[in-house]
2 protein chains.
Amino acid sequence: MTPEEFRRHGREVIDWIADYYQGLESLPVLSQVAPGEVLDGLPAGPPERGQGFEGVLADLESVIVPGLTHWQHPSFFAFFPANATGPSILGDLLASGLGLQGMLWTTSPAATELETRMLDWLAQLLDLPAGFRSTAAGGGVIQHSASDAVLVALVAALHRASGGATETGGVGTGRFSVYTSGQSHSSVEKACRIAGIGTAALRKLDVDPATLAARPEHLAELLAADVAAGWMPALVVASVGATGTGALDPVSELAELAHRYGAWLHVDAAWAGVAAVCEELRWINAGVEQADSYCTNPHKWLLTNFDCTAFWVADRAALIAALSILPEYLRNTASESGEVFDYRDWQVPLGRRFRALKLWTVLRWYGAEGLRAHIRGHVALAQEFASWVAADPRFELLAPHPLSLVTFAVAAGAGGDADDADHAGRRLLAEVNASGRAYLTHTQVLGRFAIRMAIGSVLTERRHVRAAWQEISDRLAEATVADSRATNSRATGSDAPDSDAADSGAAD
Amino acid sequence: MTPEEFRRHGREVIDWIADYYQGLESLPVLSQVAPGEVLDGLPAGPPERGQGFEGVLADLESVIVPGLTHWQHPSFFAFFPANATGPSILGDLLASGLGLQGMLWTTSPAATELETRMLDWLAQLLDLPAGFRSTAAGGGVIQHSASDAVLVALVAALHRASGGATETGGVGTGRFSVYTSGQSHSSVEKACRIAGIGTAALRKLDVDPATLAARPEHLAELLAADVAAGWMPALVVASVGATGTGALDPVSELAELAHRYGAWLHVDAAWAGVAAVCEELRWINAGVEQADSYCTNPHKWLLTNFDCTAFWVADRAALIAALSILPEYLRNTASESGEVFDYRDWQVPLGRRFRALKLWTVLRWYGAEGLRAHIRGHVALAQEFASWVAADPRFELLAPHPLSLVTFAVAAGAGGDADDADHAGRRLLAEVNASGRAYLTHTQVLGRFAIRMAIGSVLTERRHVRAAWQEISDRLAEATVADSRATNSRATGSDAPDSDAADSGAAD
């Protein structure tokens, strides 16, 4: 593609994206296609001759778009929304255009140094401990995802707990244990499997039933018992805003216990951490100054498109010692001088995209003020939504909701059966999602089927939250009617296929 | 940023990239900045107020570009070039714009199904074994990098070798061993550390001094001795085009031995694998039909910008069993139906960018014909370059060069000292790189300092290869003169600072 063709097709793509955002609201949030439908629309084999660019956008519209679940839709309230914004898309476009590898300082000094500076900026914006800055003993780096962050934290923790013995001898050199709350992200368990200690090494901490926060007393018990039994505690993962319910663990108390037993304390604040851009929400940083590592995802709730996980360590030497390997073909004078960071030694892969560019374009475009306004708006909407739930006796709130995630259930009612209520909740969620008018997902809270309302899309306004509530509220009323019909038809031997069908599709 | 602002700034960025490519040839390939220089050009803290987009491109020009090593430069011959092209940049731009997460089928069915189809297309283009197709028991997936690919191959191999015991009990449940040639990529060693078996579990296979290929006889010896000593062989990694020298291991013989001992055979064809788009180069696929997994990087030499590692397995069930974890908040009807792929279970992280789009735009734009022409052009240039080296008695070729990598050294000459020749080679490389006119890197070949000429940038034409050769050739002549001067000055007690300085900067 010549530069002139690139200019022409580039403009078409830019316009396509702008048009997509302008028309987004009219599309169903959750894709309505069946398995195999998109595959069937694609040729079985690749073209022999080049086809030009013209057909791409047409096929995108006709074959791909119907198969998309629109994560940038203003009525996307599922999982945690993953922000994409104009400045981040353009920063990322520059990274694609430059097409460089920032694995070593020398392979593009600006890629390393812009990343160092952006992570320092972000540490300032979030008021993270001074020790995390590159000018101290720590430092920040962009990881692919929070899963990668907890994996490298675990590898560094094992390296440190073993005095470096795992590097050659592996994790069989000790019996290493890991601790986290049952509310934590599944990536902690996945990291235990990948890092070779297995899930038997993972202890799930009990949570306080009111706050869903990990109980330090339980951690203390487990640590004492494990050490007595010959285990070596390597890592404690504290969640600040756990995935299921947004639970906030008591970082300081967990850190104190971790350090008493020589374990590494990693804070997974993947979703919630960025809220600390707002001074009034900085209480979420309590205890973080005691962490060995910390991660939060600008690619979730800070206006930066995937992938951009910000990961800091208090002692970069420990991380580098765990991950550095220097083959001959990567040796170079700059690295050997010790004056530069080589970020390949801070992560699993070798290759690195120039991801700092999009953080730069985002932080410049919004400024601290704009970032705060973004977070504050969602928190306010979530509080309002929670107040509607609280005021409706057909629903109950299941967890604290200080930020932008509200977890609730269909109320069992006085003397009612929680199983029936959960069944109604499950069907309600499936129907809302199948409508295409909003998309929410669920979790389990202390055995209850919990609907998660995660507010965080850039385009979400009050009217979208209001409409989602209306949809939920109206459908529960209908479902109650349908339910009694189904009960009647079951009683008369019918298969009630309609009520089963309501659970199909992609409600999750 | 409103859609109208996005259109305007989007065009500016598209134009900036087109201009960048048009002016690329006049820039020094290797950045000439000193450590800290880019940092000094960046504000110490983030802006309080948003600054608009205007300043970004200006600062990019003045602060960032001087700190870039230009990987898309036609005279970039270092490491392995990492292709970026118009269609891939635009495909990636669409992925950024859509901003979706393809972790589960249900989170965007088209993201999963386009990826499945594109990996099937690519398997067809490379004539990979039918068993790797999604329609058979295998399947392909895009990984972040070849490092991630070998890591998940190792995790799957350990899971299989242990009969699933590693999942809970970890790798301490057995003494697992891994085998690969001393020429292999450092990611194999890094994977051993991350996966918890440690580097003591890694056996480096001797290579044939003529071909630098792993010796199956050595693998046979090691396997027998290890099993006798109670080790459990888990993984053999065969390289098809090893990083240092492009060595090609005998896949079939290694696979046969691996399978005899129950080990997994992974083929790392990160750089060279894509050459199989050309029928006359398909001999590189010999034995691949016996592999358990295979990876090659379209983001190196197949016109697709980073990241895009294509990874196939012969038995997807083994991979999924090793990596699948299903927390409540990810449960959904589609996944439970078993009718769909959830690619999060094929990789380390949970989140997934819509990377199949850029593979789609690339394969459509170039067609099979265009891909072949791209590979063929580079192979022909490399053969011509090698002929110039061979014809110049001051140099010697150090390894076979059937594809686009030529590894050579300054000749020791009749009765000459190899150390002196290597010293001259090291200085020559530093000078060529410091000139900014070309960028090459080095490796070690059987103790010799080897210069690597890796031809693979999209913009590289014959004149760039010719100019690089001229530069190398002329500078060696000058260096020889300087060398005798330095020898003279050393003899007279001078410090010869100039000849030391020549080794500074970023020659690697």
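**Stop 1: a strand in chain B**

Start by selecting strands β6 (residues 293-296) and β7 (residues 309-313) of chain B: they run antiparallel and are joined by four bridges. Strands and helices here are DSSP runs numbered from the N terminus, with at least two residues (E) for a strand and at least four (H or I) for a helix. Two strands count as paired if DSSP finds at least two bridges between them. Before going further, note that this is a predicted model, in which local features need pLDDT of at least 70 and side-chain atom pairs count only at pLDDT 80 or more, while totals for chains, interfaces and linings use all residues. Residues are numbered from 1 along each chain as its sequence is written, and chains are lettered from A and ligands numbered from 1 in the order in which they are written.

Now label B:T296 and you will find B:A310 of β7(B) opposite.

Which way do the residues of β7(B) point? B:T309, B:F311 and B:V313 point one way, and B:A310 and B:W312 the other. In a regular strand the side chains alternate between the two faces of the sheet. Five of the five residues of β7(B) are buried, where buried means 20 or more other C-beta atoms within 10 Å of the residue's own, exposed means 12 or fewer, and partly exposed lies in between, with C-beta atoms placed from the backbone.

**Stop 2: helix α8 of chain A**

Move to chain A and select α8 (residues 187-194), where seven of the eight residues are buried. Among them are A:V188, A:A191 and A:I194. Show the surroundings too: the buried residues of α8(A) pack against α6 (146-161), β3 (176-181), β4 (202-205) and β5 (232-239) of chain A, together with α6 (146-161) and α7 (165-169) of chain B.

Next, select A:L154, which touches A:V178, A:A191, A:A195 and A:L235, leaving out residues up to four places away in sequence. Contact means that the C-beta atoms, placed from the backbone, lie within 7 Å.

**Stop 3: a residue in strand β10**

Select A:V406, in strand β10 (residues 405-410) of chain A. Why does A:V406 count as buried? Because A:V406 has 31 C-beta neighbours inside 10 Å. Its contacts, apart from residues up to four places away in sequence, are A:A382, A:F385, A:A386, A:V389, A:H401 and A:M453. Draw a distance to A:T245 as well: the two C-alpha atoms are 7.6 Å apart, although A:V406 and A:T245 are 161 residues apart in sequence.

**Stop 4: where the chains meet**

Show both chains; 132 residues from chain A and 132 residues from chain B take part in the contact. On the chain A side, helix α1 (residues 3-23) gives the largest share, 15 residues.

**Last stop: zoom out**

Finish with the whole of chain A, which has 17 helices and twelve strands. Along its principal axes, the C-alpha trace of chain A spans about 80 × 70 × 45 Å. Of the 508 residues in chain A, 60% are buried.

Key: Two residues are in contact if their C-beta atoms, placed from the backbone, lie within 7 Å.
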